[in-house]
Amino acid sequence: MTQPVRFALAGFGAWGKFHAQSIAENPEARLAAISAPSESSREEARRLYPDALIFEDSLEMIAQADFDIIDIVTPSHMHRVIAVAAMQKGKHVLLEKPMAITLEDCKSIVACAQQYGVHLAVGHELRLSSQWGRIKDIINAGTIGDPQYVLVELSRKPYRQGASGWRYDQSRVGSWVLEEPIHFFDLARWYLEGSGDPVELQAYANSRDPERPTLYDNFSAMFKYANGSYAVVSQTLAAFEHHQTVKVSGTKGALWAAWSGALDRTLEPTAFLKVFDGEKLEDVTLTKQSGEVFELREEIAQCIDMVRFGKKPIATGLDGLWSAGLCLLAEESIRQSKPLPLGELLQF
Ligand SMILES: NC(=O)c1ccc[n+]([C@@H]2O[C@H](COP(=O)([O-])OP(=O)(O)OC[C@H]3O[C@@H](n4cnc5c(N)ncnc54)[C@H](OP(=O)(O)O)[C@@H]3O)[C@@H](O)[C@H]2O)c1
C-alpha cells in the first residue's frame, strides 16, 4: 500500500488549525510534526494530534522531523526563512499567501525551489473553489466570449489581531493588501489570463484609524491590459460579516457570483453563480460547498498529488510572486498617487 504523504505544519494558529484538520482527515496524508512557539498552542497540538511530533521552533522541526512536505501557516514575515530552510533540505512546500512580504523575498523563494528541485504550491485556494474555480472553467469554455472586465469585491468585518498582534504590526504583516486583496488579484489575473500580462495599475485606499494610516480599511485597485481589458479589485474592512462578489463581462455574455456568511469560515454560507451566454441566463448548480474551509481540503489533496506524482499545483510560486507583486505595486501607487506601469517589476 502507498505510504501516506507526511506533512510538517509550521504554525498552529487560527488558520493553521484548519490546515491540521484538513491534513488529519485526509487518509492519504499524515500529520507528522507541528511547530508553534507558545506553550499553549503546543499543548493544544499535543492534545489534538498525539501522534505528531511537536516542536517549539520551525527550524528545529525542519532539522529533526521526518516529513515530505512542509505546510507553512505562520505570520507572513517568517514565510521566507522557513520555506528556504525546508527547501534546502529537499522538502516540498505548501506556502500560505502572501508567499512573503517583499518582492525580493518572493523571488528568492521561487529561485530556491528551482535550485533545489522541489515543488512549491502557494495558498491561493480560491482557485480550487466550486464557485470561483468554476468561473474559470466557464471562461475557458468560451461561454461569455473573451473576458474584458473583472470585478472582485469583498466587504467584511475587521481582521483578527493574530498571534501576538502580528496582523496589526506593519513590519510583520507587510500590509493588509497582502492579507485578503491578494486573493482577488490572483483570481482577476487568472480570469484574464487570455489577455497576457497586465501593463498598468492604479490604487486608492484610506484608513479610519490615524494610528495606522497605512493599514487600509478601504482599498480599491484597477489594473489594465494592452488589449484594453481591465480588472477592479476592491475591499472594505469597515463593514460587517463576510460578503464577496465576482462579476465578469465578456464579448458575448457575463457572469455574476456572490458568497455570504456571518463569518469567513462558516460551514453554511449562501452562494450563487449566474451565467448569461448572450442569449439565456442560467443559475449554475455548485457541485460542492464554496468557502475557504472546503477549498483547503482540496489544497491538501492537490499537495499529495504534487508530492507523489509531481503534479503542478493550481497556484505555483510564480503565481504567488505575481499576486504579491501586484499588491506591492498597488501600495506604491497609493504612496505616489498615480498609475504605475508593471514594467520590469515582475521580471524573473
Ligand atoms: N489562504 C487563506 O485563505 C488564509 C487564511 C488565513 C490566513 N492565511 C495566512 O496564514 C498565515 C497565518 O495566519 P493565521 O490567521 O493563522 O495567524 P495566527 O492565528 O496569528 O497564527 C499564527 C501561528 O503561527 C505561529 N508562529 C509564530 N511564529 C512561529 C514560528 N517561528 N514557527 C511556527 N509557528 C509560529 C503562532 O504561534 P503561537 O500560537 O504559539 O503564538 C500561531 O500559531 C498568514 O500568512 C496568513 O496571511 C491565509
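1. Helices here are DSSP runs of H or I at least four residues long and strands are runs of E of at least two, both numbered from the N terminus; counted in that way, the secondary structure of this protein, which is a predicted model, comes to ten helices and 15 strands.

2. On overall form, the radius of gyration is 20 Å, close to the 20 Å that the globule rule gives for 348 residues, so the protein is as compact as a globular protein of that length. The C-alpha trace spans about 55 × 50 × 40 Å along its principal axes. Of the 348 residues, 47% count as buried, and, among contacts with a separation of 6 or more, 68% are accounted for by residues 24 or more positions apart.

3. Helix α4 (residues 79-88) deserves a look for its buried residues, which are H79, R80, I82, A83, A86 and M87. These buried residues pack against elements of both kinds, namely the strands β1 (5-10), β4 (69-72) and β5 (92-95) together with the helices α3 (58-64) and α5 (103-116). Just after α4, the backbone at G90 takes a positive phi of about 80°.

4. Two helix pairs that share α8 are taken next. Two packed helices are described by the angle between their axes and the distance between the axes. For helix α6 (residues 132-140) and helix α8 (residues 181-191), the axes come within 10 Å and cross at roughly 15°; since angles under 35 degrees count as roughly parallel, α6 and α8 are therefore roughly parallel to each other. Their crossing is right-handed.

5. The contact between α6 and α8 is made by W132, I135, K136 and I139 on the α6 side and by L187, W190 and Y191 on the α8 side. By class, this contact of α6 with α8 has six nonpolar residues, one charged residue and no polar ones.

6. The other pair joins α8 to helix α10 (residues 317-336), where the axes lie 9 Å apart and the packing angle is about 115°. Here too the crossing, in which α8 passes α10, is right-handed. From α8 the contact draws on P181, I182, F185, D186 and R189, while α10 supplies D319, W322, S323, A324, L326 and C327. Divided by class, the residues of the contact of α8 with α10 are seven nonpolar, one polar and three charged.

7. Taken along α8, then, the residues listed for the contact with α6 are L187, W190 and Y191, whereas those listed for the contact with α10 are P181, I182, F185, D186 and R189.

How values were computed: Residues are numbered from 1 along each chain as its sequence is written. This is a predicted model: local features need pLDDT of at least 70, side-chain atom pairs count only at pLDDT 80 or more; totals for chains, interfaces and linings use all residues. Axes are lines fitted to C-alpha atoms, for helices over the stretch in contact, and angles run from 0 to 180 degrees between N-to-C directions. Angles under 35 degrees count as roughly parallel, over 145 as roughly antiparallel, 65 to 115 as roughly perpendicular and the rest as oblique. A crossing is left-handed if the near helix is turned anticlockwise from the far one by less than a right angle, and right-handed if clockwise. Two residues are in contact if their C-beta atoms, placed from the backbone, lie within 7 Å. Ala, Val, Leu, Ile, Met, Phe, Trp, Tyr, Cys and Pro count as nonpolar, Asp, Glu, Lys and Arg as charged, and the others, Gly among them, as polar. A residue is buried if 20 or more other C-beta atoms lie within 10 Å of its own, exposed if 12 or fewer, and partly exposed in between; C-beta atoms are placed from the backbone. The radius of gyration is taken over C-alpha atoms; the globule rule is 2.2 Å times the number of residues to the power 0.38.
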